[in-house]
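Dear colleague,

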Amino acid sequence: MKKKLYIETYGCQMNFSDSEIIASVMQHNDYELTKTMSEADVILVNTCAIRDNAEKRVLGRIQEFRKMKQNKPGTTIGVVGCMAERLKEDLLKTQKDVDLIAGPDSYRHLPEMLEGIREGQQMANVILSEEETYENIEPVRLDAKGISAFISIMRGCNNFCSYCVVPYTRGRERSRNPETILNEAKNLYDKGYREITLLGQNVNSYNFQEGEKYLDFPELLRQVAAVHKDLRIRFATSHPKDISDKLIQTIAETENIPNAIHLPVQSGSTNVLKRMNRKYTRDWYLNRIETIRKHIPDCGITTDIIAGFCGETEPDHQETLSLMKQVGYDFAFMFKYSERPGTLAEKRFDDDVPEDVKSRRLQEIIQLQQELSQQSNANDLNKTFTVLVEGPSKKDAKKMMGRNQQNKVIVFPASADIKGQYVQVKVTGYTSATLLGELIS
Ligand code: SAH
Ligand code: SF4
Ligand code: F3S
């Protein structure tokens with residue numbers, strides 16, 4: 001009988017994509033997936049280490065798994081991903097019920113590691129690789145809708161933003177062979193998928209070199225978009241330093257690359273950006289936005305912002321607010337700075353913005369973004385968008401939901417048999433998070 005694997009995922013899209021790789025590796029080794037934790041032989045939790053609260057959440061879950069294991073001795077508990085990589089063997093010392101830890105580059109070895117676990121022993125593999133891209137592994141798609149899928153095209157990060165653990169948890173940047181990316185895209189299209197998100201921590205610094213062959217990100221994007229005109233190709237996340245004119249041109253010229261760019265700014269103050277080691281200034285960032293708007297006037301622009309980084313003054317914070325207004329972001333992920341052990345910021349700077357000031361600044365940023373998102377939705381009223389239908393709306397089964405090019409969710413009355421189709425929807429209303437519309441064709 002096959003052994004049952006239960007897997008829970010936290011963190012970014014890349015972690016979700018990795019869980020699909022893990023599921024594939026395990027299925028090829030006599031495991032089957034279960035959605036019910038209590039019937040699992042192996043429980044894996046794919047973890048994130050980006051902020052302290054991300055790790056706290058996982059530690060809380062491990063307590064739940066421990067209870068599970070007490071009821072069902074013999075259950076194996078594995079912690080994989082970025083938190084396993086960051087804490088290494090320390091995690092095994094403090095969490096006695098964890099049987100296994102595995103870092104992001106060791107997933108091919110999971111079955112043999114699990115096989116090797118003996119009563120009372122723990123197993124670890126946190127070796128980072130300079131080559132692993134899992135290029136020949138066909139992921140098991142865990143999202144049930146069957147319309148939108150991720151393809152991981154590069155791994156790791158070389159940027160060492162001073163606040164960030166990712167370069168330590170995911171190792172050096174490496175780009176995946178384009179042929180395997182194109183094959184995966186074709187397979188997905190044939191299976192009925194109509195949207196692909198190309199993933200990497202710095203997706204736009206993709207560059208593949210092998211002998212004479214060289215491919216940069218805009219060229220890869222063009223080739224993946226050529227797989228089929230009905231396949232939307234998105235990408236995340238872009239670093240501002242690599243958002244080249246060539247990339248902007250490629251998005252502008254290619255019909256099935258949606259007009260939407262996620263461009264994390266982190267701060268509006270050049271001084272703070274310098275301490276963050278982001279490698280651009282406020283003006284440079286704003287110039288990129290101007291170029292995007294010039295070539296792609298209807299481009300959706302979204303961002304990530306950190307409030308209360310080391311040494312951030314009130315005027316620095318005001319610069320973040322003014323930059324947000326100037327760009328007019330459609331959406332943002334907003335965070336309070338969380339000091340991470342081992343990062344450059346932890347070594348070089350004092351985490352000196354008091355907690356209550358961090359909270360107040362974050363609140364102001366959130367409040368402003370709500371107004372900007374509201375404004376952005378109001379501007380869409382009476383416009384008609386091409387929407388890729390993903391399935392029934394969660395709140396109302398008589399309605400369908402899909403996304404427009406700008407990646408905004410639109411809910412509208414329609415029948416279920418249009419899932420996976422492109423339809424024209426006119427916006428007739430909105431809430432703070434969603435556009436409401438009616439089908440016009
Ligand atoms: N590679 C992407 C995003 C990486 S992590 C980029 O370069 O933009 C996602 C977001 O988490 C970051 O954009 C940043 O806003 C936030 N983040 C990263 N480290 C953080 C920390 N120590 N404290 C708070 N937020 C952090
Ligand atoms: Fe972290 Fe910076 Fe790399 Fe993004 S670019 S993953 S924020 S180090
Ligand atoms: Fe978290 Fe690792 Fe992603 S730290 S944000 S899961 S790369």
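Please keep in mind throughout that this is a predicted model.

Ligand 3 has its own set of residues around it, namely C12, N15, T47, C48, A49, I50, C82, R170 and Q201. By class, the shell around ligand 3 divides into five nonpolar residues, three polar residues and one charged residue.

Ligand 1 is surrounded by 15 residues, of which the closest are Y163, Q201, Q266, D304 and S338. Which atoms of Y163, Q201 and Q266 approach ligand 1? For Y163 it is a backbone N or O atom, which lies 3.0 Å from a nitrogen atom of ligand 1. For Q201 it is an N or O atom in the side chain, and a nitrogen atom of ligand 1 is 2.7 Å from it. For Q266 it is again an N or O atom in the side chain, here 2.7 Å from an oxygen atom of ligand 1.

Q266 is found in the loop between β14 (260-262) and α10 (270-276). D30 is another residue other than glycine with a positive phi, in this case near 70°, and D30 lies in the loop between α1 (13-27) and β2 (31-33). There is also a cis peptide bond, which joins A236 and T237 with an omega of about -5°; T237 is found in the loop between β13 (232-236) and α9 (245-253).

Turning to the overall layout, the domain assignment gives domain 1 (3-125), domain 2 (143-258), domain 3 (262-379) and domain 4 (384-439). The centres of domain 3 and domain 4, taken over C-alpha atoms, are separated by 30 Å, and the contact between these two takes nine residues from domain 3 and eight residues from domain 4. Between them, domain 3 and domain 4 bury about 630 Å², with 45% of this on carbon and sulfur atoms. On the side of domain 3, the residues that lose the most area to domain 4 are D298, Q374 and N377, which together account for 68% of what that side buries.

What kinds of polar pairing are counted between domain 3 and domain 4? The count of salt bridges between domain 3 and domain 4 is zero, whereas five residue pairs are in polar contact there, both residues being at pLDDT 80 or more. Helix α14 (residues 355-379) supplies the largest share of the side of domain 3 that touches domain 4, with five residues. By class, that side of domain 3 has two nonpolar, five polar and two charged residues.

For the structure as a whole, the count comes to 39 salt bridges. One of them is formed by R61 with E8, and the closest N and O atoms of this pair are 2.7 Å apart. R61 lies in helix α2 (residues 52-71) and E8 in strand β1 (residues 3-9), so this pair ties together parts that are 53 residues apart in sequence.

With best regards

Key
Residues numbered from 1 in each chain as written. Chains lettered and ligands numbered in written order. Heavy atoms only, no water. Domains from an automatic or database assignment. Contact = heavy atoms within 4.5 Å. Buried area = accessible area lost by both parts, 1.4 Å probe. Salt bridge = Lys/Arg side-chain N within 4 Å of Asp/Glu carboxyl O. Polar contact = N/O pair within 3.5 Å; in protein donor to acceptor, adjacent residues only side chain to side chain. Helix = DSSP H or I, 4+ residues; strand = E, 2+ residues; numbered from the N terminus. Nonpolar A, V, L, I, M, F, W, Y, C, P; charged D, E, K, R; others polar. Near = heavy atom within 4 Å.
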